[in-house]
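Trainee: I'd like to go through a structure with you. Please keep the answers plain.

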Amino acid sequence: MRFRFLHIIRFFGLLAIISLFVGCNSKGYQNMNARYNGYFYANQYLNEVNQQIEDSYQYNYDQILKIYPDIDSSTIQSNKAKLDDAFKKASQVIEWYGSSDWTDDNYLIIGKIRHLRAQFQFAIETLQYINQTSEDDPTRHASLIALMQTYMDAGDKEKAKEVSNYLETEELTDENMADYKVMLAYYYQREEDYEAMAENLKEVAEVITKKDTKSRINFILGQIEQEKGQNAEAYQYYKASLAGTPPYDLTFHAKLNMQQVSSVNGTSEVEKVRKFYAQLLKDGKNKEYQGKIYYEMGEFEKKQTHYDLAIDNYLKAVSVEEPSPRQKSLSYLRIGQLYFDIYEKFELASNYYDSAVSIMPTDIDGYPNHVKRKEVLTDFVTQLKTIQVNDSLLSLAELPAISLDAFVDNYLNQQEKEAKEREKEEARNAASTGAVISPSSGSGFSSNAPSSEWYFYNDAAVELGTIEFQRRWGNRKLEDNWRRSTKEASSTTKSSTEENITDDATDQPEEAALADEGRAAKKKELLATIPTTAEAKEKLHLEIQEAYFKLGSVYRFGLEKTAKAATTYKTLVQKYPNTEYKLDALFALYTLYLESDPNQAQTYKQQIIDAFPESLIAKTLINPNYLAEKEARNKALQKVYASAYSAYENGEYVKADQILRGALQSFEDVDFMPTVELLSAILKGKTESLFSYEEALKAFVAKYPEGRLTNYAKDLLIAVNPVKETIVRSEDFEYSEDFKQLHLLAIVYNSEVTKTADLRTAIENFNKETFSHLKLSVGQLAFDESKKLGIIFINSFEDKKTVEAYHRAFKKALADFTIEVDSNFNNFAISRDNFQMLFQSKELEAYLRFHNTFYQ
């Protein structure tokens with residue numbers, strides 16, 4: 001019986017082992033373990049990390065809130081162990097329970113962890129794998145929503161939009177639809193399309209279950225409606241954001257914004273809002289928000305057009321204990337904007353813009369525009385100060401010595417007085433809390449207070465200084481130690497005695513001496529800035545002219561104050577009629593008045609044409625098609641030049657020269673002309689002589705002092721001298737008998753007897769009437785300055801025979817030339833090489849013998 005019982009126990013035990021083995025491999029068992037032993041804890045860890053990211057993120061309530069907080073790498077690093085554990089558990093589930101229904105959910109956790117770690121490519125591959133393999137649509141859709149965010153954070157918005165387009169075709173669960181719409185709103189937020197962002201958030205604002213997320217979405221919708229000016233709608237969204245128990249900072253800012261969008265009518269409602277702000281300031285929980293409260297008070301007062309009160313509150317916002325850089329920069333910015341837009345006090349605006357931008361976070365709305373305006377205002381102040389300082393220094397330079405000395409003393413007295421007052425003010429501010437500050441009280445400004453500048457000259461100040469000087473010291477001669485030299489003479493009056501006691505105080509002689517030395521050094525330094533020479537004064541005047549012109553441009557383009565721009569340009573032209581900026585100033589005035597006052601514009605147009613007829617501006621004003629016509633001339637000249645250059649490269653120098661000479665006569669006012677002129681100069685070395693080539697290059701450099709072509713011409717000139725030295729090697733040189741080369745006809749004459757211009761005119765008329773088909777040119781050089789001999793040459797002739805024919809006709813025509821000649825007048829044919837030798841050697845008689853031997 002006992003034996004039988006043992007067999008029964010063994011049977012059931014074996015059956016239990018078999019059942020357990022079969023159960024461990026069943027779908028239900030794998031799902032249970034995959035879900036509760038792996039996924040549950042991995043998902044819990046992931047949610048805890050996401051919550052910590054949310055809790056640690058500082059939302060910027062001065063701008064439209066971000067739907068999702070930025071992922072902070074330090075937060076991810078501090079949660080490394082937790083994320084590692086979540087990753088491990090999810091991976092084990094996939095490895096151990098691969099056939100369970102929770103495999104794709106664990107892949108989703110791995111993809112999200114990789115996204116948090118900024119391993120975007122791995123995250124994308126994981127999430128794409130889920131979409132390709134999962135048979136569970138909700139999980140697959142959730143992976144695609146996560147894939148959208150991963151693409152966006154990876155900077156691939158096009159791929160994110162592709163995923164969105166695909167999800168639009170899918171049927172989503174309510175939970176996934178809510179998540180998708182929020183993600184799509186996040187996409188549009190990054191695109192700064194706030195209208196589309198709001199549309200998607202409104203669709204799901206009521207169905208989101210997480211209270212903090214719901215509150216933030218309603219707050220965002222309130223901000224968007226407020227930006228659109230829909231205050232009633234904004235108020236309702238802000239009110240909805242207070243439902244439940246949202247974070248205190250959101251509650252605080254929602255209540256503040258509700259005041260901004262509330263309609264305020266009448267004094268009683270204004271006072272009601274002010275009392276609301278006062279209560280917020282008294283609440284101890286809001287100590288860290290005091291700067292924000294004062295800022296919002298400023299915004300409220302600005303909305304009521306109480307600009308002085310607004311500025312007062314903005315200043316209080318920056319004077320609170322440890323104001324945030326963001327809040328401080330916005331407060332400075334608002335003050336700058338008021339001084340710019342409302343008061344048009346651009347110097348003060350510049351101070352506040354400078355302080356705002358120096359600490360402004362780059363993510364503040366309109367940051368590039370604020371930086372640009374700051375730079376414009378800095379430019380404005382720079383030009384204005386240049387004018388003020390230089391005008392003051394030039395005016396001071398015209399003062400008599402005694403008045404100048406009195407002015408400097410009065411100025412130093414005023415500085416010392418203001419310094420003491422500032423010290424007292426700083427002491428009072430240090431002893432009080434919440435003191436209102438000013439730009440000169442050390443609250444982030446580079447002081448521009450009058451006491452720190454040396455340009456506050458005016459007639460009243462000088463007169464005051466002179467009267468004060470004479471009251472204290474009398475009408476005395478200005479000399480070294482002039483104070484001491486009159487102590488005896490001034491000791492009869494009580495005031496003089498008091499002054500002497502002051503000057504000669506013996507209680508603290510060393511301290512008094514040091515103070516006097518410091519004052520004397522500062523006085524000497526100030527006096528040294530005053531111009532005493534004509535050159536120094538001219539330099540200041542030139543700086544003023546430049547500053548006036550730049551100031552006009554700043555007014556016009558930077559500050560967009562056209563009336564002030566016109567006044568500035570007019571002042572420049574009136575004060576400095578011969579300024580180098582006159583043309584540009586007149587043109588600026590012409591364009592400024594073109595629409596508002598056509599008659600005035602016409603006046604400035606005529607002034608430009610009369611004073612600057614050769615300027616591009618004048619030519620364009622006369623002929624609106626001038627530039628188009630000039631461009632057409634440029635293109636036509638370039639074609640002619642190409643033809644001449646082709647002949648030059650082929651060795652057809654005479655042909656090239658003739659083409660260019662025709663172009664130089666036919667074209668004018670063409671930008672391409674210098675290129676043509678340089679090639680024409682180079683051709684003189686091929687068709688005339690080395691010396692005419694040299695003179696042509698020198699003329700080119702003189703006409704065009706700068707530029708790439710000029711540098712090339714200078715290099716060619718440097719290369720001329722070594723060649724010139726080799727032309728005549730010895731005293732017993734012989735002229736060349738190579739008569740196949742190009743020839744010229746030369747005329748040597750006494751320039752004091754024969755007028756060069758008359759001779760040249762006669763030759764050119766002869767060529768035109770008789771030999772126009774040869775397209776000859778006429779050149780001239782100084783042949784022998786010691787004998788007052790000049791040389792005119794006609795070129796170029798293809799060979800000896802052609803020049804001889806021309807010479808015969810020329811000699812016959814000489815009788816008809818109405819010019820005066822003497823025994824130095826000679827004319828002869830000469831080859832190009834021989835012309836160079838003659839010009840270098842000056843051996844005219846030797847060449848004439850050579851000419852009579854070989855030429856008919």
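Trainee: What covers the buried residues of α37?

Mentor: The cover includes strands β1 (743-750), β2 (777-784) and β4 (826-831), along with helices α35 (800-814) and α36 (832-841). Contact here means heavy atoms within 4.5 Å, and buried means under 20% relative accessible area with a 1.4 Å probe, protein chains only. Helices are DSSP runs of H or I with at least four residues, strands are E runs of at least two, and both are numbered from the N terminus.

Trainee: Before I go on, what are the ground rules?

Mentor: This is a predicted model, where local features need pLDDT of at least 70 and side-chain atom pairs count only at pLDDT 80 or more, while totals for chains, interfaces and linings use all residues. Residues are numbered from 1 along each chain as its sequence is written, and side-chain values use heavy atoms, leaving out hydrogens and water.

Trainee: Back to α37. Which residues are buried?

Mentor: In α37, residues 844-854, they are Leu844, Tyr847, Leu848, Phe850 and His851. They span an arc of only 160° around the axis, going by the directions to the C-beta atoms, which puts them on the same side of α37.

Trainee: And what is exposed on the other side?

Mentor: Glu845, Arg849, Asn852 and Thr853, where exposed means over 50% relative accessible area.

Trainee: New topic. How many residues has the largest nonpolar core?

Mentor: It has 83, and Tyr277, Phe380, Leu559 and Tyr569 have the most contacts inside it. Helix α19 (residues 367-397) contributes the most, with nine residues. A core is a set of buried Ala, Val, Leu, Ile, Met, Phe, Trp, Tyr and Cys joined through side-chain atoms within 4.5 Å.

Trainee: What is Phe380 in contact with?

Mentor: Setting aside neighbours within four places in sequence, Phe380 is in contact with Phe346, Glu347, Leu551, Val554, Tyr555 and Leu559. There is also a second, separate core of 48 residues, with Tyr59, Leu108, Ala160 and Met183 among them.

Trainee: Leu108 sits in α5, I see. At what angle do α5 and α6 cross?

Mentor: The axes of α5 (residues 103-116) and α6 (residues 120-133) cross at roughly 160° and come within 8 Å. That makes α5 roughly antiparallel to α6, a label for angles over 145 degrees. Axes are fitted to C-alpha atoms over the stretch in contact, with angles of 0 to 180 degrees between N-to-C directions.

Trainee: How far apart are the axes of α29 and α30?

Mentor: For α29 (residues 626-649) and α30 (residues 653-666) the axes are 7 Å apart, at an angle of about 165°. They are therefore roughly antiparallel. Residues making the contact include Leu637 and Tyr641 of α29 and Ile659 and Leu660 of α30.

How values were computed. Parallel < 35°, antiparallel > 145°, perpendicular 65-115°, else oblique.
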